[in-house]
Amino acid sequence: NYGKIINITTQAIETPNAGWLHYIIAKSGLNGFSKALAVELAPKGIRINMVSPGMTDTELISNISEKARLLSVAKTPLRRIAKPEDIAGAISFLTSEKSDFITGETVRVNGGQIML
């Protein structure tokens with residue numbers, strides 16, 4: 001009667017990019033699935049949440065130009081891209097008892113780049 005599931009989504013759903021249709025459709029489906037599952041499993045004490053990282057300094061962005069990185073930093077109020085530790089911190093919080101009254105939510109870890 002207790003559990004936590006954390007799905008990783010994307011801010012590309014809020015600010016779509018051309019050429020990413022397949023990725024955006026898949027992540028949109030994950031978002032809908034996560035919210036529906038959160039409602040379905042809440043009575044059993046299982047919480048389902050999502051983490052939506054902004055650009056994160058990992059190997060995944062190794063082919064992104066320095067200009068694109070600087071542009072992303074300029075659009076980010078905290079003036080940097082995320083570190084893997086930033087994303088891990090949000091996941092750690094959501095898996096802890098401190099988040100026991102949170103379900104069906106998306107935590108955006110993007111330095112303020114997208115505020116809804």
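**Terms and values in this model**

Q: In which loop is Q11 placed?
A: Q11 sits in the loop between β1 and α1. Helices (DSSP runs of H or I, at least four residues) and strands (runs of E, at least two) are numbered from the N terminus. This is a predicted model: local features need pLDDT of at least 70, side-chain atom pairs count only at pLDDT 80 or more, and totals for chains, interfaces and linings use all residues. Residues are numbered from 1 along each chain as its sequence is written, and side-chain values use heavy atoms, leaving out hydrogens and water.

Q: Why is Q11 called buried?
A: Buried means under 20% relative accessible area, exposed over 50%, and partly exposed in between (1.4 Å probe, protein chains only). Q11 has 11% relative accessibility, so it counts as buried.

Q: What makes the link between the side chains of Q11 and Q113 a polar contact?
A: The two side chains are joined at 2.6 Å. A polar contact is a pair of N or O atoms within 3.5 Å; within protein, one must be able to donate a hydrogen and the other to accept it, and residues adjacent in sequence count only if both atoms are side-chain atoms. Q11 also touches other residues (contact means heavy atoms within 4.5 Å). Among them are S52, P53 and G54, with residues up to four places away in sequence not counted.

Q: How do you know that β1 and β2 pair?
A: Two strands pair if DSSP finds at least two bridges between them. β1 (residues 3-8) and β2 have six, in the parallel sense. I5 stands opposite I48 in β2, and I8 stands opposite V51.

Q: What joins β2 to β3?
A: Four bridges do, and these strands run parallel. M50 stands opposite T106 in β3 (residues 106-109).

Q: What makes the sheet open, and which strands stand at its edges?
A: The three strands follow the order β1-β2-β3, with parallel pairing. β1 and β3 stand at the edges with a single partner each, so one side of each has no neighbour in the sheet. On average, neighbouring strands are turned by 25° against each other, direction ignored. Axes are lines fitted to C-alpha atoms, for helices over the stretch in contact, and angles run from 0 to 180 degrees between N-to-C directions.

Q: Which elements does α3 touch in the sheet?
A: α3 packs on the sheet and touches β1, β2 and β3. Its direction makes about 165° with that of β2.

Q: Why is β2 called mostly covered?
A: Seven of the eight residues of β2 (46-53) are buried.

Q: What makes W20 and Y23 an edge-to-face pair?
A: The structure holds one aromatic pair. W20 and Y23 form it, at 5.8 Å centre to centre and 85° between the planes. Rings of Phe, Tyr and Trp (its six-membered ring) pair if their centres lie within 6.5 Å; planes under 30 degrees apart count as stacked, over 60 as edge-to-face and the rest as tilted. W20 is partly exposed at 38%, and Y23 is partly exposed at 33%.

Q: Why is R79 called exposed?
A: R79 has 52% relative accessibility, so it counts as exposed. R79 lies in the loop between α2 (66-74) and α3 (84-95). R79 has a positive phi of about 60°, although it is not a glycine. Most residues other than glycine have a negative phi.
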